[in-house]
Amino acid sequence: MGAKNPYYLEYLQEIFQKRCEKNSQYSLRAFARDLSLDPSFLSKVLARKKVFSLRSAETVIQKLAPENKEQREVFLRSVSEELACRSLNEFDSDLTDCDS
């Protein structure tokens, strides 16, 4: 697991960190609530054990950056690339150098 995290994970972690700095009581459970996600699912996403579907990624980025089209595109592209990478890894791990 020496590879860099996908953009969408870094973005989520950055937003979560900023919210924690603003409110010391802010938790992963609160973050999941704000994103309309199950807390255990969000925890697994942040640990790279699960990946958003494109539909859930769309919902998340709409809540985090509703007016920023460029941010939305980069976030969704990152999720899409992670999904593709994981699919290839399931088929044949020699086809990709993805780190999942």
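Visitor: Before we start, what counts as a salt bridge here?

Guide: A salt bridge is a side-chain nitrogen of Lys or Arg within 4 Å of a carboxyl oxygen of Asp or Glu. This is a predicted model, where local features need pLDDT of at least 70 and side-chain atom pairs count only at pLDDT 80 or more, while totals for chains, interfaces and linings use all residues. Residues are numbered from 1 along each chain as its sequence is written, and side-chain values use heavy atoms, with hydrogens and water left out.

Visitor: OK, how many salt bridges by that rule?

Guide: The count comes to 6.

Visitor: Which residue does arginine 86 form a salt bridge with?

Guide: Glutamate 82, and the closest N and O atoms are 3.1 Å apart. Both residues sit in helix H5, 4 residues apart, about one turn of the helix. Helices here are DSSP runs of H or I with at least four residues, numbered from the N terminus. Helix H5 covers residues 69–91.

Visitor: Is arginine 86 buried or exposed?

Guide: Arginine 86 counts as buried, because its relative accessibility is 16%. The cut-offs are under 20% relative accessible area for buried, over 50% for exposed, and partly exposed in between, with a 1.4 Å probe and protein chains only. Glutamate 82 counts as buried too, at 7% relative accessibility.

Visitor: What else does the side chain of arginine 86 have a polar atom close to, 2.7 Å away?

Guide: The backbone oxygen of arginine 48. For reference, a polar contact is a pair of N or O atoms within 3.5 Å; within protein, one must be able to donate a hydrogen and the other to accept it, and residues adjacent in sequence count only if both atoms are side-chain atoms.

Visitor: And what does the side chain of arginine 48 meet in a salt bridge?

Guide: Glutamate 82 again, at 3.0 Å from N to O. Glutamate 82 is in helix H5 and arginine 48 is in the loop between helix H3 (39–46) and helix H4 (54–64), so this pair ties together parts that are 34 residues apart in sequence. Arginine 48 is buried as well, with a relative accessible area of 8%.

Visitor: What's the phi of arginine 48?

Guide: Near 65 degrees, which is a positive value in a residue other than glycine. Serine 36 also isn't a glycine and has a positive phi, of about 60 degrees. You'll find serine 36 in the loop between H2 and H3.

Visitor: Back to salt bridges. What does arginine 19 pair with?

Guide: Aspartate 34, with side chains meeting at 3.5 Å, N to O. Arginine 19 belongs to helix H1 (residues 7–22) and aspartate 34 to helix H2 (residues 28–34), so the bridge ties together parts 15 residues apart in sequence. Arginine 19 is partly exposed at 26% relative accessibility, and aspartate 34 is partly exposed at 30%.

Visitor: Switching to rings: how many aromatic pairs are there?

Guide: A search of the whole structure finds 9. Rings of Phe, Tyr and Trp (its six-membered ring) pair if their centres lie within 6.5 Å; planes under 30 degrees apart are stacked, over 60 edge-to-face, and the rest tilted. One of the pairs is tyrosine 11 with phenylalanine 75, which is edge-to-face at 5.9 Å centre to centre and 70 degrees between the planes. Tyrosine 11 in helix H1 and phenylalanine 75 in helix H5 are 64 residues apart, so the pair links distant parts of the chain.

Visitor: Why is the pair of phenylalanine 52 and phenylalanine 75 tilted?

Guide: Because their planes are at 40 degrees, with the ring centres 6.4 Å apart. Phenylalanine 52 lies in the loop between H3 and H4, so the pair ties that loop to helix H5, 23 residues apart in sequence. Phenylalanine 52 is buried at 0% relative accessibility, and phenylalanine 75 is buried with 0% too.

Visitor: Which residues form the aromatic cluster?

Guide: Tyr7, Tyr8, Tyr11, Phe41, Phe52 and Phe75 form one cluster.

Visitor: How many residues does the largest nonpolar core have?

Guide: It has 25, and those with the most contacts inside it are Tyr8, Leu12, Phe31, Phe52 and Phe75. H1 gives the most, with 6 residues. Such a core is a set of buried Ala, Val, Leu, Ile, Met, Phe, Trp, Tyr and Cys residues joined through side-chain atoms within 4.5 Å.

Visitor: What is phenylalanine 31 in contact with?

Guide: Leaving aside neighbours within four places in sequence, phenylalanine 31 is in contact (heavy atoms within 4.5 Å) with Leu12, Ile15, Phe16, Arg19, Tyr26, Leu42 and Leu64.

Methods: Helix = DSSP H or I, 4+ residues; strand = E, 2+ residues; numbered from the N terminus.
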